[in-house]
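Keep the viewer open as you read.

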2 protein chains.
Amino acid sequence: MSSEKDDDISNDSDVIVNGSDSNSDNFKESKITPWEVQGEINYDKLIETFGTKPITSDILQKVQKLAGDVHPLLKLNYFFSHRDFDWILNKYERNENFYLYTGRGPSGMVHMGHLLPWLFTKYLQDKFNSKLLFQLTDDEKFLYNQDRTFQEIKSFTYENILDIIAIGFDANRTKIIVDTKHIQYLYPLANEIAKRITFSTSKSVFGFTHSTNIGMIGFPPIQSAPCFLPSLIEGKPTPVLIPAAIDQDPYWRMTRDVADRMGYYKPAQIHSKFLPALDTSGKMSSSKPQNAIFTTDDPETIDRKVSAAFTGGQPTVALQRELGGNALECPVYWYLRYFFDSEVQSEERLIKCEGGNLLCGECKSDLATESKSFMIKFKQRREKAKDMIQEFMYDGKPL
Amino acid sequence: MSSEKDDDISNDSDVIVNGSDSNSDNFKESKITPWEVQGEINYDKLIETFGTKPITSDILQKVQKLAGDVHPLLKLNYFFSHRDFDWILNKYERNENFYLYTGRGPSGMVHMGHLLPWLFTKYLQDKFNSKLLFQLTDDEKFLYNQDRTFQEIKSFTYENILDIIAIGFDANRTKIIVDTKHIQYLYPLANEIAKRITFSTSKSVFGFTHSTNIGMIGFPPIQSAPCFLPSLIEGKPTPVLIPAAIDQDPYWRMTRDVADRMGYYKPAQIHSKFLPALDTSGKMSSSKPQNAIFTTDDPETIDRKVSAAFTGGQPTVALQRELGGNALECPVYWYLRYFFDSEVQSEERLIKCEGGNLLCGECKSDLATESKSFMIKFKQRREKAKDMIQEFMYDGKPL
């Protein structure tokens, strides 16, 4: 069992993060909760504020040794932070398997920003031979959005399930939990968790107020429950690793705080950054559809969105040739790097761009071509997924 | 649909009831929540504070007309208050059937105080040919009692189910809902309800504080959900009448407040008083086992408890013969009246006691004899109930 003391939730008095760095007087405040990500995010600062740990070269070496290779998203520090990931790797090294658990709040269609952690989760499943629980918090999304009907959420849930299956998770070792569909499996555990958390604590962890509806206040234990479900399924304390974006961390802080008292391992996490929107206006988000590429976008839409994307390029071709582009602040560059370019290709692209030997149009053309090609295949898998839903649904039986 | 405006929950700022009457300066405060009943209760004052209505002679006449007779607990004003019971009767008169819904929090064994509302509910079912949902809030009782394990609550749930079935409800028209067992049927409705209730509201209705656990805060919609389940089962708005003790009223106030907005009828209620403890120290309660007669007590235990009961008698036989007893403040008298005496017998007992022609020992002997005889038969039905549990369990199908 983890002996880390770094996540005492009583210290997490606030989820507002001061995103400034020490060299500037211009403080820009960022806000990160499971329901809202605002402002410029300083990820190093987040590690400090949330009390997580950075991914170190020791960890990367351990992954290399155990998995045979290191996923680009780890190398690129897109997964940048963790709690007890080293503990999970040590367990695995001593032949103790771990479950993976991740999730999705079905409040809209799936875009590329969602796919990154899922692709990384598939890598972990493949390399570590892990069983995976994938939760869809349809209840949360219904409760959170005051004007959404449950029918709308249900329809997004169905569409999102197709995306999840299309990722290519192992059907024999993956089960999808839809909260309202599988609540009978979660509810007893959720009650055990809920009994141990006061309003006062959840107020400080999640920022709940007196005007929050009681469904939202009662919800967090439902998202915690799958952390302990593997122990029930396996009939023994079972380690769990959660790959997810950093905004979900408040749930795991709360969960870790009760784990000891319930006789379970604290769930380990590995936290990702957010994929920036195509216009760099923040994270890619379903609420800004023009700045996100969805798995259901047709080729023309992808062309249009990529064509309108911000870049790190200069205002004119002449200036670009003279000064070079700012690749490291260019969403097009990063999309290509995260999704499509090999390490070598990406390095070449960086050098050419910065040296003025690459125009933004060329990169956009590459991104549009790759994205369309990716989505054509993804959509085919998404179609096939329609016949595989039942196979993936959780049924309370061992995976 | 009811047009009553008497239950705007925003007016229910507090559940503390001043139980004093106007002739006394000695105020005794009483507290009534679904989890705590303290102090002397002034039932007339409760009607005013909770904004309910008294049971009138018009209502009794309507019941006589529709049911063919008036149950003693109604005549005796043990069921003393209501919301929309008149509306339910009018609906019935116009050939619109209503569901009954009542419940039990399985935090201990069942005593005679629990049986009264259930016997009354059976009368309603028999007379009005009603379908009945009977909810066991095992989740609530687990969440409320910090030191109770779920195994303990589960064991009480099983025992309580035997008592409920032993009451003799119609197996074809009665379904028992155990929250943790049937949560999948309640959860979608509960989310619809929860979304419409803020912490602020539930704080004022239930007295929740910052140290209340989030399970308790999230729970009330689970108890509300069966109010609307009949409309889903029947596929049309369906009236529901809840016979229950007055302490449960906060749940129904909250439920009525959201009913309109959800397109359902407001649930109607008929409220009972509390059966006093044998030592008149408050309501009969599982937490004071010596002052309560349980359905599982053996004859010797019943003899012992009744023998130790307080009465309205004088300190000596001589004084009793001279001054007469105070029957109307005697728990033994009321137990006999509520459970065993006919109207005629009870009137005779009153006259004899007040006239000094009856000693407490005689009444205690009558109560012990009747209680033992009742419990012997009840226990036989309780034994038979063990084979009928499955038949009574809710299964999501029409009753």
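Which residue forms a salt bridge with B:Arg349? The partner is B:Asp366, with the closest N and O atoms 3.0 Å apart. (A salt bridge here is a side-chain nitrogen of Lys or Arg within 4 Å of a carboxyl oxygen of Asp or Glu.) The pair links distant parts of the chain, 17 residues apart: B:Arg349 sits in helix H16 (residues 343-354) of chain B, and B:Asp366 in helix H17 (residues 360-385) of chain B. Helices are DSSP runs of H or I, at least four residues long, numbered from the N terminus. B:Arg349 counts as buried because its relative accessibility is 11%, while B:Asp366, at 33%, counts as partly exposed. The cut-offs are under 20% relative accessible area for buried, over 50% for exposed and partly exposed in between, using a 1.4 Å probe and protein chains only.

Before going on, a word on ground rules: this is a predicted model, where local features need pLDDT of at least 70 and side-chain atom pairs count only at pLDDT 80 or more, while totals for chains, interfaces and linings use all residues. Residues are numbered from 1 along each chain as its sequence is written, chains are lettered from A and ligands numbered from 1 in the order in which they are written, and side-chain values use heavy atoms, leaving out hydrogens and water.

Now hop over to chain A. A:Arg382 forms a salt bridge with A:Asp163, at 2.7 Å between the closest N and O atoms. A:Arg382 lies in helix H17 (residues 360-385) of chain A and A:Asp163 in helix H7 (residues 150-166) of chain A, so this pair ties together parts that are 219 residues apart in sequence. Both A:Arg382 and A:Asp163 are buried. Elsewhere in chain A, salt bridges link A:Lys62, A:Lys65 and A:Glu93 in a network. Over all chains, the whole structure has 44 salt bridges.

What about the place where the chains meet? There, 32 residues of chain B are in contact (heavy atoms within 4.5 Å) with 32 residues of chain A. The count of salt bridges between chain B and chain A is 0. Helices H6 (138-144), H8 (179-194), H9 (199-206), H10 (214-218) and H11 (220-234) of chain B each supply at least two residues of the side of chain B that touches chain A. H8(B) gives the most, with 7 residues.
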